[in-house]
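This report covers a surface patch and a pocket. The structure comes first.

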Amino acid sequence: MKKIFTTLTIILFFVISANAQTEFGLRGGLNMSNIIGDNVEDNNDYYSFHIGFFTSIKITDNLSIQPEIQYSSQGADYETVFSEGIYESITEGELRFQYLNLPVMVKFNVFKGLFIEAGPQA
């Protein structure tokens, strides 16, 4: 897996350096995540962050491809209640997840300052 990721990264940088119509950028922001389920009685939002790097490779004046790599931290604080007959069990805890997302977006420029993006993510 490490060899595949390294190879893809090297190829991506060669493609980017060969293309003069390329832009680079950083992206970041605040995450608010939560969990819901059948047995979850009370849960609290978990606030964290995401940060990433992207490059936009221009194909036409209005169309470009934008590969990205993003790190995201998500989770929830929860209280779960299990009941069986007269017995009841309450469990409290935290869930924390760390994600590394690899989206490849197709970016369409509607007009200056407004873009529509869509694409798959691994």
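This is a predicted model: local features need pLDDT of at least 70, side-chain atom pairs count only at pLDDT 80 or more; totals for chains, interfaces and linings use all residues.

**Nonpolar patch**

Strand 5 gives the largest share of the nonpolar patch, five residues. At least two residues of the patch come from each of strand 3, strand 5 and strand 6 (114-118).

**Leucine 63**

Leucine 63 lies in strand 3. With a relative accessible area of 30%, leucine 63 is partly exposed, because that class runs between buried, under 20%, and exposed, over 50%.

**Second largest pocket**

The second largest pocket holds about 240 Å³ of space. It is lined by 16 residues, and those closest to its centre are Glu23, Ser56, Lys58, Ser64 and Phe115.

Two or more lining residues come from each of these elements: strand 1 (22-33), strand 2 (40-58), strand 3 (63-84) and strand 5 (104-111). Strand 2 makes the largest contribution to the lining of the second largest pocket, with three residues.

How many residues of each class line the second largest pocket? The lining has eight polar, five charged and three nonpolar residues.

**Elements in both regions**

Strand 3 and strand 5 each supply at least two residues of the nonpolar patch, and both are among the elements that give two or more residues to the lining of the second largest pocket.

Note on methods. Residues are numbered from 1 along each chain as its sequence is written. Side-chain values use heavy atoms; hydrogens and water are left out. On a 1 Å grid over the protein atoms alone, a cavity is a set of points where a 1.4 Å probe fits but cannot get out, and a pocket is an open set with protein on both sides within 12 Å along at least five of seven lines; lining residues have an atom within 4 Å of a point. Grid points are joined across faces, edges and corners, and a volume is the space filled by probe spheres set on the points. Helices (H or I, at least four residues) and strands (E, at least two) are DSSP runs, numbered from the N terminus. Ala, Val, Leu, Ile, Met, Phe, Trp, Tyr, Cys and Pro count as nonpolar, Asp, Glu, Lys and Arg as charged, and the others, Gly among them, as polar. Buried means under 20% relative accessible area, exposed over 50%, partly exposed in between (1.4 Å probe, protein chains only).
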